[in-house]
Amino acid sequence: MFCLIIGLRIAARLHAKQARRLIATVALTLSALTAQAAAPNAPFTPADDATVLQRVPTQTDPRVRRFEQLAEQQRRAPNNRELAVRLARTYIDYGRSTGDARFLGRAMAPIEPWMHTQPTPVDVLIVHATILQSRHQFDAARNELKAALKRAPGNAQGWLTLATVNMVQGRFVEARDNCVHAANTGGNYLAIVCNGDLLSLTGHADKAYALLGLIERGGPQIPADVSAYVQGLMADAAQRLGRRDAAEAHYKQGLQLTPGDNFLLADYADFLLDDQRYQDVIALLKPYTDSDTSFLRLVYAEAGLDPAGARDDIQAMAERFAAMDTRGSHLYRREQAGFVLHLLNQPGRALALAQKNWQVQRAPKDVRILLETALAAHRPRAAQPALDFIKRTGLQGPIVTRLAQQARQALANATAGDAS
Amino acid sequence: MTQRPYWRFLALLCCLWFALPAAAHKESDAYVTLRSDPDNAHVLRGQWDIALRDLNFAIGIDSNHDGAITWGEVKAHRQAIERYALARLSITGDGLTCPLSATGQQIDRHTDGAYDVVYFKAVCDKDIPNVLGLHYRLFADVDPYHRGIITVHAHGGTAGAVLGPGNQSAQVNLRQPNRWRQFKSFVYDGMWHIWLGLDHMMFILSLLLPSVLIWRAAAALPGQQRGEWQPVDRLWPAFVEIVKVVTAFTVSHSVTLTLAVLGIVALPSRLVESGIALSIIVAALNNIYPLIDKRVWLLAFGFGFIHGLGFASALSGLDLPAGAMAASLGGFNVGVEIGQEAVVLAFMPIAFILRRTRFYRLGVVRVGSAVIIAISTCWFIERVFDVSIPVFNVILPN
């Protein structure tokens, strides 16, 4: 009788899950269909002609002048491949530093004609793979890069990009091989950047820090964004070593080199949030709320200071995520998992997002969110892939080590509970 | 190393950071909403929200290049925007194109900034057909990742499509088939909800167990201390009894299910779930110490209200338009009934055949009810106090 009941009960749970999924799907589809109705504000007519509705890139920004100039040249010579690739790169570069994903699509447009030629030229393939990578389509990016590098094994840029894709996905053996190729084809500077990044992720943060220190001051001929990137890597390595003062100094230097850099802002803000320095986060990010990643961290800080007062902004952030879901964009599952966990307090849903994210990317922050959500949802077994990953790769860092310790403890308790 | 290649390597470095989670705005979307015109069956009214930053990129709205788009600048570009946009959307009905013309301009705010709203109408030769053809090419040449999120409200139905440069055309179907599918899926859902929602099943069974028996009080049984269940003679009265119980339960749970799904009644789920557990205790207890033997249907009717609220939890959170709501609610209710009748049909003949045996009267009715009481008491404690009972949970995780 009890077997029957248990069987029924399990079936009931399974079914409840299916039903919930069905209902969620129906609800999501319908919410997508009624996205218009769900828009927070109704259309309006501004009262005054001088009302500023939207900030857009301005020509006082040299980067904007550069891509506008290139776009003009490319319009006049649409068949010039070299120009098209250069324009695409410029857009990607701008999108990357401002965090405006629209520029990924804009970068696609000029190279699109060559994507349909056989064989696709290597430079086009590599820039296309870079776009895929920025849209977190890592598997597709890797395949394109491998195909391109088979044809052009001397392309340092291709090797470097491939190394980065493999590092984001935690494929360190392949990344090591890619770094060797990048070094052979690209020289010392590239070798240090590539291997410094790799060492930092694989339990040798001390060596990484020392190695990157060699190129920290690359001299005037190194572009500012390259130096800023090295500062970011050094800050990461310093954090893994528990040297928080040094890490902060590197973030600050990086941001001095490239003010408003979206990626550095996010990392520095995460660093400050770990120390609960909410006022500093707000001061840092206030000018950049257009960027979803910056806005999210700002909302964390607001909620840290005054949970009730942050309600409107939490709602606004939820709407941003909803708009991404409507278009079917899942670039931010990690960010969304954190948001759902820390600000919406829905650990079960957060864990599901973190698990989906884990299928796509395995950077240190992905490891951390999987541990956090599994612990919060009281499902320590879900943390197992992250624990295995840490064991396999030697990932360091005080926070991730503490979380892993907790997860192992919870797992041991759960296993003991099963046995008794 | 010479100067030149070194510089090239530095240029190469550009790709390194793109692997990082760099994108921080969503990509470009536009929203098209089409509604049938209540006054003219040939006409669809459209609203098209297009991001100002996308329009600025494609056709240049920021005339003075100061990095700030003002309402004045948007108004000045109204014609250019309308020409650009409307040339990139086609709506066809029955194979014939319905020409588009602009009817107004406003501004809307979305999560990623301000959007220009292009109001337009599509005038078809005939009445708006059930199947509309959409062809969408906005920004196809400047942003392959652009998406047009299209919603059509017509003929009392809602349909939608997400189109973009790689997927420019769609047929949207506005008539019933979707609704019917939805209805069926909810019928299925309702059935499973009854069969696998152990608590509803236990409640119904508790009520049905004595339906093939009749209670004889001690006074009517010479020489006995207490009353006992005795088999009924004929099938008909048992059948009538079952019909009464099931109908009463159906009527009352339908009422609360509807009220709850429509949001008219809302009780905390802890209260509802505890109430359901209590209802099972009472129903099963009544089989051992009958207080109500003639009008069991009253018990079914009374507790049906609380079970209806429980059913509603399976549907809650669905913010459906009225039509879809009716389909899902109706479908779910029909499913619950089918599930319930199936239980009754399976139970009745067996019970009727076994009714004279000691096994049925003692083993099934008394012991079975006692087990049900034990289980539902655990549920009740768990649900009221929001605790989990360790051993019980191993047997019946809830």
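**Disulfides and their surroundings**

Author: In this predicted model, the sulfur atoms of Cys179(A) and Cys194(A) lie 2.1 Å apart and form a disulfide. Over all chains the structure holds 2 disulfides.

Reader: Why is the pair Cys179(A) and Cys194(A) called a disulfide?

Author: The cut-off is a pair of cysteine sulfur atoms within 2.5 Å. The sulfur atoms of Cys179(A) and Cys194(A) are 2.1 Å apart, so the pair meets the definition.

Reader: Which parts of chain A does the pair link?

Author: Cys179(A) is in helix H9 (residues 172-186) and Cys194(A) in helix H10 (residues 188-201), 15 residues apart. The link is left-handed, with -80 degrees about the S-S bond.

Reader: What makes Cys179(A) count as buried or exposed, and Cys194(A) likewise?

Author: Buried means under 20% relative accessible area. Cys179(A) has 0%, so it is buried. Cys194(A) has 1% relative accessibility, and therefore also counts as buried.

Reader: How do you know that Cys98(B) and Cys124(B) are joined by a disulfide?

Author: Their S to S distance is 2.1 Å, and the limit is 2.5 Å, so the pair qualifies. Both Cys98(B) and Cys124(B) are buried.

Reader: Why is the disulfide of Cys98(B) and Cys124(B) called right-handed?

Author: Because the torsion about its S-S bond is about 100 degrees.

Reader: What does the pair tie together in chain B?

Author: Cys98(B) lies in the loop between strand S5 (96-97) and strand S6 (100-110). Cys124(B) lies in the loop between strand S7 (113-123) and strand S8 (131-136), so the pair ties together parts 26 residues apart in sequence.

Technical notes
Residues are numbered from 1 along each chain as its sequence is written. Chains are lettered from A and ligands numbered from 1 in the order in which they are written. This is a predicted model: local features need pLDDT of at least 70, side-chain atom pairs count only at pLDDT 80 or more; totals for chains, interfaces and linings use all residues. Side-chain values use heavy atoms; hydrogens and water are left out. Helices (H or I, at least four residues) and strands (E, at least two) are DSSP runs, numbered from the N terminus. Buried means under 20% relative accessible area, exposed over 50%, partly exposed in between (1.4 Å probe, protein chains only).
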